[in-house]
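Look over the sequence and the structure below.

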Amino acid sequence: NSKVKDISKTKFDLLFFSRDVDQTIIGERYYDRYIDPIYDACSKDYKCLKVNFNSSLTDNKNYINPVYNIKASILSRIKQKTRRYFSTNPYLEGLENLSETYFNLTEKKIDVDWVNEQLTAIVESRNFFKLFFEKVKPKVIFVVWYHSPQFMGAILAAKSLGIKSVDIQHGIPRDYHPSYFYWNNIPSEGY
């Protein structure tokens with residue numbers, strides 16, 4: 001808890017989100033193979049903060065670049081507490097009608113419970129990150145996996161506060177990857 005208060009005293013230009021799964025061990029130190037090269041280049045000219053969502057029980061890893069760890073379990077509890085500060089999920093309205101229309105067109109069912117769970121996770125993440133971004137005031141956030149509910153929520157919060165977001169490409173997407181291909185009608189102002 002004191003860590004959150006400590007970082008909220010500083011304003012950051014760039015905020016980088018790292019994940020445990022992207023860490024590579026170099027010598028005896030951890031290096032995020034996607035985030036750290038960009039962090040290294042940007043930290044020469046900008047005030048940067050790297051936030052790692054740590055799923056392990058300990059957060060005493062020796063990182064090459066300084067990192068602020070947030071345990072995934074703690075994030076989950078914080079998101080639940082932020083629910084009371086925000087209204088209900090506006091994205092769930094009409095979900096049953098959409099499911100029925102989709103079935104009438106395709107004869108396939110949408111798993112409404114799964115969609116509800118994902119949208120709720122996005123909105124809870126948005127609620128948490130909106131509060132977090134209001135404290136650290138980044139100008140730009142960087143994520144590696146924009147299509148996770150956690151980072152969709154972060155991007156949604158950033159957009160609501162006028163903060164730019166950047167998805168860092170990782171791996172080689174194939175022609176069939178729906179998260180990166182066939183986006184033919186992108187609004188000029190972005191999403």
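Axes here are lines fitted to C-alpha atoms, for helices over the stretch in contact, and angles between N-to-C directions run from 0 to 180 degrees. Helices (H or I, at least four residues) and strands (E, at least two) are DSSP runs, numbered from the N terminus. The model is a predicted one, in which local features need pLDDT of at least 70 and side-chain atom pairs count only at pLDDT 80 or more, while totals for chains, interfaces and linings use all residues. Residues are numbered from 1 along each chain as its sequence is written, and side-chain values use heavy atoms, with hydrogens and water left out.

Begin with the whole chain. Its secondary structure comes to 6 helices and 7 strands, and along the sequence these follow the pattern α-β-β-β-α-β-β-α-α-α-β-α-β. The chain has 191 residues, of which 36% count as buried; buried means under 20% relative accessible area, exposed means over 50%, and partly exposed is in between (1.4 Å probe, protein chains only). A contact means heavy atoms within 4.5 Å. Among contacts between residues at least 6 apart in sequence, 65% join residues at least 24 apart.

Now take the helices. Two packed helices are described by the angle between their axes and the distance between the axes. For helix H4 (residues 95–106) and H5, the axes come within 11 Å and cross at roughly 135°. H4 is therefore oblique to H5. Angles under 35 degrees count as roughly parallel, over 145 as roughly antiparallel, 65 to 115 as roughly perpendicular, and the rest as oblique. The crossing of H4 and H5 is right-handed; a crossing is right-handed if the near helix is turned clockwise from the far one by less than a right angle, and left-handed if anticlockwise. On the H4 side, Leu 95, Glu 96 and Ser 99 meet Val 112, Val 115 and Asn 116 of H5. The residues of this contact of H4 with H5 divide into 3 nonpolar, 2 polar and 1 charged. Ala, Val, Leu, Ile, Met, Phe, Trp, Tyr, Cys and Pro count as nonpolar, Asp, Glu, Lys and Arg as charged, and the others, Gly among them, as polar.

How do the axes of H5 and H6 cross? Helix H5 (residues 112–136) and helix H6 (residues 149–160) have axes that come within 7 Å and cross at roughly 50°. H5 is therefore oblique to H6, and H5 passes H6 in a right-handed crossing. In the contact of H5 with H6, the residues divide into 10 nonpolar, 5 polar and 2 charged. Those from H5 include Ile 122, Phe 129 and Phe 133, and those from H6 include Met 152, Leu 156 and Ala 157.

Two loop residues come next. Most residues other than glycine have a negative phi, and most peptide bonds are trans. Glu 107, in the loop between H4 and H5, has a phi near 60°, a positive value in a residue other than glycine. Glu 107 is exposed, with a relative accessible area of 67%. Lys 137 is in the loop between H5 and strand E6 (140–143), and its phi is near 50°, again positive in a residue other than glycine. Lys 137 counts as partly exposed, at 47% relative accessibility.

Is Lys 50 buried or exposed? Lys 50, in strand E4 (residues 48–54), is buried, with a relative accessible area of 1%. The side chains of Lys 50 and Asp 36 are joined by a polar contact of 2.8 Å. A polar contact is a pair of N or O atoms within 3.5 Å; within protein, one must be able to donate a hydrogen and the other to accept it, and residues adjacent in sequence count only if both atoms are side-chain atoms. Not counting residues up to four places away in sequence, Lys 50 touches several residues, among them Phe 16, Asp 32, Tyr 39 and Val 67. Lys 50 and Val 67 are 17 residues apart along the chain, and their C-alpha atoms are separated by 5.0 Å.

Tyr 39 is in helix H2 (residues 35–42) and counts as buried, at 6% relative accessibility. Leaving aside neighbours within four places in sequence, its contacts include Phe 16, Cys 48, Lys 50 and Pro 66.
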